[in-house]
Every structure is written in C-alpha cells, then in structure tokens.
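Biologist: I'm new to this one. Could you show me how to read the place where two chains meet?

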Amino acid sequence: MNELSDLQRFQELVEASAHRDLTEVETAFIGRIGFRSAECRQWLETDAEAVAKAIEADPLRQIPAATPLDWARVDAGLRKAGALPDPKSQSRTAWPLLPAVAALVLCIGVVLAILRDGLSTTTRSAPQVIAEVLDLPDGDGSLILHEGAEEGVLMIILSNG
Amino acid sequence: MDVEKDDEDRRLVHRHLSGDPSGFEQLYRRHRERIFAVLVRMLRNRDDALEATQEVFIRIHRGLDSFDASGRFLTWAFRIATNHAIDRIRRRKVRKETAIVEEAVAPSSDLRTGRSHSPEGSHRLEREEVAAAIHQAVDGLAETHRIVFTLHCYEKLSYGEIAAVLGIPIGTVMSRLYHARRKVRDTLPRDWDPGGPRRTKKRAEE
C-alpha cells in the first residue's frame with residue numbers, strides 16, 4: 001500500500017468515526033499511520049495551529065486560582081474523610097509528651113542523686129532550741145529546754161523545787 | 001525536570017504507603033491546582049470543579065495502594081479526575097458555566113490579579129469574539145471530544161498520554177481530537193486569521 005492510499009484510507013476512517021464506531025483494526029490503523037506518516041499527521045493537525053492561536057486568546061486558558069478559603073473548604077472535606085491528618089488530634093497527641101519528658105527528667109535526677117549520695121544518706125535538720133513553760137503546780141516553776149524533735153533530744157529542766 | 005517531579009511523586013506515594021500521612025498531604029498540595037484547573041475546564045463550572053477536586057483526592061487517597069509506580073502519578077491522577085468528571089456530567093446535568101466564565105470572558109480584567117487593562121479597541125473586540133467563540137464551541141463538543149480536546153489543547157498532553165489517561169487507543173484519541181478541533185475551528189470568526197495551514201481540498205469541498 002503506498003503513501004497516498006494510506007492517506008486516503010486514513011482520511012476516510014477519521015471522517016467516518018464521526019458517524020459510526022470504528023472496528024479495532026480501523027482504530028489501530030489510524031493510530032499506527034497517524035504516527036508513521038508525516039502526511040497523515042499533517043492532515044490530522046490541519047486545524048491545530050488555528051485552534052492553538054485561538055486558545056491563546058481564551059481567558060479560560062488560565063484558570064483563576066482557587067482562593068485560600070476555597071482550599072480551606074476542600075481541606076476540611078479531606079480531613080473529614082480521613083485523607084488529611086487532623087491538626088487538632090495532632091496537638092492533642094503532642095501534649096502528653098510534655099509531662100512524659102518532665103517525669104523522665106525527674107527520674108534521672110533522682111537516680112543521679114542516689115548514685116552520688118547513696119541511699120543511706122539522710123539530711124539532718126538544723127538544731128532547734130525550743131523553750132517551753134510547763135503548767136506546773138504553783139511554786140514549782142520550771143523551764144524545760146530541749147533540742148530537736150525526733151532524735152537525740154536534750155532536755156534541761158530548771159526547777160525552783 | 002518532569003522526571004524529577006515524577007520521581008518525587010513516587011517517593012511521596014511510597015512514604016504514604018509506609019504509614020506517613022505527610023506523603024499524601026504533599027501530593028495533594030503539589031497537584032491540587034492542576035487537577036482543579038482540569039476539572040474546571042471539563043465541568044465548565046467552578047463550584048462543581050472545587051467539589052469534584054475534593055472527591056477526586058479522596059479517591060486518590062483510597063486508591064494509592066493500587067498506583068503502579070512504573071507509571072506517572074499525574075497521569076494516574078488525571079485518569080481518576082477525568083473519570084470522575086465524566087461520572088458527574090452523566091449523573092446530572094452540569095450547571096452551565098456561570099461566574100467563572102463571566103469573569104473569564106470579561107475582556108478588561110486580568111484573571112489572576114484582577115488589574116484592569118485596556119487593549120486597543122479592535123484587538124479587544126477580536127479577543128472577546130474569539131473567547132466567546134471558543135467557549136461556545138467547547139461547550140458544544142460531545143463530552144468525549146471535549147475531554148480529549150481539554151487534555152491536549154489546555155493541559156498539553158500528548159496523544160499517547162491522553163490514551164493512557166483515558167484508557168483508549170491512540171487512534172481514537174486522534175480521531176476525536178481531529179473532530180473537536182474542526183468544530184472549534186469552524187466556530188471561530190470568519191476573519192480570524194491564524195496564519196495556519198489551510199484545509200485540504202477534500203475538506204474544503206465538504
């Protein structure tokens with residue numbers, strides 16, 4: 001089959017496609033020849049330049065971008081469908097991290113303190129002197145001084161008796 | 001450049017499939033404007049297109065595990081968007097373009113910035129006339145032809161890419177595009193001189 005007859009058949013089939021469904025073989029022929037034959041391709045794209053130039057004048061060539069509000073609505077729909085993560089749930093999951101970190105720091109501090117001082121070391125409270133006037137019978141005035149509250153209490157009792 | 005973008009898309013898909021939700025989120029933010037634009041042109045209505053964009057990305061999210069990583073993510077996404085647009089068109093009578101087209105056809109406003117400009121009288125009239133003719137012609141196209149026309153003339157997809165997006169033979173893409181272009185060309189003003197090639201004798205005689 002020569003080039004001219006390919007062109008003729010190509011044209012006939014393309015024109016016929018407007019009125020009837022082509023067979024698979026016919027469709028495959030269009031696809032194959034449309035790529036292989038420069039003449040067929042040129043005929044196929046007869047209107048391409050005119051249409052391309054017209055489209056350049058078409059304002060719809062550049063669609064006005066959707067506004068941030070538009071996208072916020074789409075985002076909300078996607079979040080509802082589970083396609084986008086919910087920022088609220090993200091913030092909720094972020095909060096428990098703070099107490100966890102604080103607890104960890106506290107634990108480390110305690111362990112370090114134990115390693116440094118040992119478990120038996122106790123803090124000794126500063127010496128205290130407490131003076132009490134006991135409610136003793138008349139004529140038996142006494143002043144009692146004692147040191148500390150829990151251990152090693154030293155008591156001094158002064159009595160006029 | 002496109003290859004790098006495609007590779008990045010694949011990485012994001014993999015990230016999503018590995019359990020990181022930021023993978024899908026980034027895919028959505030990278031491609032939502034383009035999907036929206038395709039849907040506006042197919043559905044001819046901005047509100048419909050916005051709603052459809054949301055539905056398309058939900059479909060993409062649910063179907064990402066079936067994405068074949070040897071192909072282009074954008075081709076796959078276009079296929080979902082196109083099928084969804086066809087579903088919507090068939091499911092109900094699509095509202096005719098309203099605000100978007102009124103705004104878009106307005107000759108003295110810049111679509112993106114809203115700034116006014118005043119082209120010369122004759123040029124402005126010609127532009128308005130051509131814009132109106134294009135809209136009329138594209139509106140009048142059969143749905144299957146309009147989709148092929150949109151993907152080729154506005155989205156600059158090749159015959160092969162359109163065939164992949166729509167899942168149809170290249171021969172069908174060629175014949176549909178031929179008829180769509182001819183119809184649009186025939187709707188343009190008679191004195192519109194694109195400087196393009198003239199039709200063959202056979203066509204002129206028809």
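**Reading the interface**

Modeller: Let's begin with one pair: A:E15 forms a salt bridge with B:R182, their closest N and O atoms lying 3.1 Å apart. A salt bridge here is a side-chain nitrogen of Lys or Arg within 4 Å of a carboxyl oxygen of Asp or Glu. Bear in mind that this is a predicted model, where local features need pLDDT of at least 70, side-chain atom pairs count only at pLDDT 80 or more, and totals for chains, interfaces and linings use all residues. Residues are numbered from 1 along each chain as its sequence is written, chains are lettered from A in the order in which they are written, and side-chain values use heavy atoms, leaving out hydrogens and water.

Biologist: How many salt bridges does the rule find across the interface of chain A and chain B?

Modeller: The rule finds 4 across that interface.

Biologist: And how is the size of an interface given?

Modeller: Often as the accessible area lost when the parts come together. Here chain A and chain B bury about 4,800 Å² between them, 67% of it on carbon and sulfur atoms (accessible area with a 1.4 Å probe, summed over both parts). In terms of contact (heavy atoms within 4.5 Å), 46 residues of chain A meet 59 residues of chain B.

Biologist: How do helix 2 of chain A and helix 9 of chain B lie to each other?

Modeller: Their axes, lines fitted to C-alpha atoms over the stretch in contact, come within 7 Å and cross at roughly 80°. The two helices are therefore roughly perpendicular, a label for angles of 65 to 115 degrees. Helices are DSSP runs (H or I, at least four residues), numbered from the N terminus.

Definitions and conventions
Buried area = accessible area lost by both parts, 1.4 Å probe. Axes fitted to C-alpha atoms, helices over the stretch in contact; angles between N-to-C directions. Parallel < 35°, antiparallel > 145°, perpendicular 65-115°, else oblique.
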